Amino acid sequence: MVDNNNNINWILENFKDDNNPSEFNLKLVMSSSLASGTNASTVKSGDTFTISINSNTLLNRTSIGLARTLIHEGIHARLREFASREGSNATSFPGIYDYFRVYKKNWDHQQMADFYRGTIAKGLKKYDNGQHSKQFYNDMAWEGLANIKDANGHQNQIYTEAWKKLTPTEKTRIKNTIINHKKNGNKTCQ
Amino acid sequence: MKNYLLIYILIYSFNSYSQSKDTIYFLINRKDSLIKKQIATKTNKYEGYRIIDEKTLVINTKRSSDLGGNDIQYETFDSYSFSFNRKNDTIISNSYLKTLNLIISRKKFINIKKKGYYFDTSGFLYFFIEKTNHKNKYILRKVYPVSFE
C-alpha cells in the first residue's frame, strides 16, 4: 500500500490495469477554493479524476489526518474508476452497481463506510509505522464516513448506514479519538 | 477601598479561569437566515447547524445522476458545519448566560476562522446557545465541527 519511504503510491498503482494503459488519468492538486470544512474532494471530468487537497487548512492538519484523507480520496477515485470504465456494468462490478441502486449519489461513501475502513486503517498503520494501537487506526478511519453531505440533496447531511450500526459508546470513543488527535497529533509530515 | 478592589480582582480572575480561552460560546440568532439548523427526522437522525459565510466564495461539487457521469462544479458561499447530540444539552438561566463570554453575531463567530483558527483543527470547544420558549431559560449545546471529504 505504501512504499518503504512511506509514499502512498498505491493510489497510482490502482490506476494500472495489468499491462493495459488505464482509461483514466489521476491528478493530485492543491486547492485554495474548497469550502473550509472540506479536507479534500475527488472530481471526475471526462477521462480525468482530480483529487484536490484543501491548501488553506494544510498547516493545521496532522500528518496521519492528511494520510487518511489521501487514502480516503484514493478509494473514491478507485471505486469511481471501476464504475466509469468502458463497458462497466452490473455483471462486471455488481457491488458498485448495487450500492448505486440503493444509495444513488451517496453510493461510494456508503460502500467505503461498509467495506473500506479496514483498508484505510491498514494504510494508516503502515504510514505511521504502527506507532498507535489498532483501535486508534480503526477509529481514525471513520473520519468522513460517519456523517456525510447528502449528495442526493434530500437533507444537508446524513449518517452512513455503517455508523448507525455502532453503539453510543463506540461512537463516543471514535469521536474522542478523532478530536484528540486533531488537537494533539503530530503536524509535521514524515 | 483596597478590600473592594481585591474582591473585584478575585471575582474577575475566577470568572476568567472558569471560562477557558479554548471555549467558544455562540448565541444563536433565530432570525439570522444564514444560520441553518438541521433537525432529526424519522429516517435521518443527524442534527446540526450550518453557518453560512456570505463574504467568501468557494467551489462546490455536484455529483452526476449517472454512475460514471461527470461532476459539476459551481461557486457557492462558504459554510461551516457543526453537529450536536441533544441528549447532552443543558438548560441554563439568564443569570448564568450573563457570566459567559458570548459571541452574539454570526460575523464575529466567522471571524474566529479569519484569525487563522480553522474550526475543525483549532482544538477549541464550541457551545451554541439557543433561547427556549421559557422566559430566562436557554439551551447550552455542545457542538462539534464537521469536516467533509
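This is a predicted model: local features need pLDDT of at least 70, side-chain atom pairs count only at pLDDT 80 or more; totals for chains, interfaces and linings use all residues.
Student: Is H2(A) parallel, perpendicular or oblique to H5(A)?
Tutor: Helix H2 (residues 63-84) of chain A packs with helix H5 (residues 117-127) of chain A at an angle of about 140°. Their axes are 10 Å apart. Angles over 145 degrees count as roughly antiparallel, and 65 to 115 as roughly perpendicular. The angle therefore makes H2(A) to H5(A) oblique.

Student: Which residues of H5(A) does H2(A) meet?
Tutor: H2(A) passes H5(A) in a right-handed crossing. H2(A) brings Ile64(A), Ala67(A), Arg68(A), Ile71(A), His72(A) and Ile75(A). On H5(A) they meet Thr119(A), Ile120(A), Gly123(A), Leu124(A) and Tyr127(A).

Student: How many residues on the side of chain A that touches chain B are polar?
Tutor: The contact takes 36 residues from chain A and 31 residues from chain B. Elements giving two or more residues to the chain A side include strand E2 (40-45), H2 and helix H8 (168-184). That side divides into nine nonpolar residues, eight charged and, for polar, 19.

Student: Is Lys104(A) buried, exposed or partly exposed?
Tutor: Lys104(A) lies in the loop between helix H3 (94-103) and helix H4 (107-115) of chain A. Its phi is near 50°, a positive value in a residue other than glycine. Because Lys104(A) has 17 other C-beta atoms within 10 Å, it is partly exposed.

Student: Is Asn136(B) buried or exposed?
Tutor: Asn136(B) sits in the loop between strand E7 (125-131) and strand E8 (137-146) of chain B. Its phi is positive, about 70°, although it is not a glycine. With 12 other C-beta atoms within 10 Å, Asn136(B) is exposed.

Technical notes. Residues are numbered from 1 along each chain as its sequence is written. Chains are lettered from A and ligands numbered from 1 in the order in which they are written. Axes are lines fitted to C-alpha atoms, for helices over the stretch in contact, and angles run from 0 to 180 degrees between N-to-C directions. Helices (H or I, at least four residues) and strands (E, at least two) are DSSP runs, numbered from the N terminus. Angles under 35 degrees count as roughly parallel, over 145 as roughly antiparallel, 65 to 115 as roughly perpendicular and the rest as oblique. A crossing is left-handed if the near helix is turned anticlockwise from the far one by less than a right angle, and right-handed if clockwise. Two residues are in contact if their C-beta atoms, placed from the backbone, lie within 7 Å. Ala, Val, Leu, Ile, Met, Phe, Trp, Tyr, Cys and Pro count as nonpolar, Asp, Glu, Lys and Arg as charged, and the others, Gly among them, as polar. A residue is buried if 20 or more other C-beta atoms lie within 10 Å of its own, exposed if 12 or fewer, and partly exposed in between; C-beta atoms are placed from the backbone.
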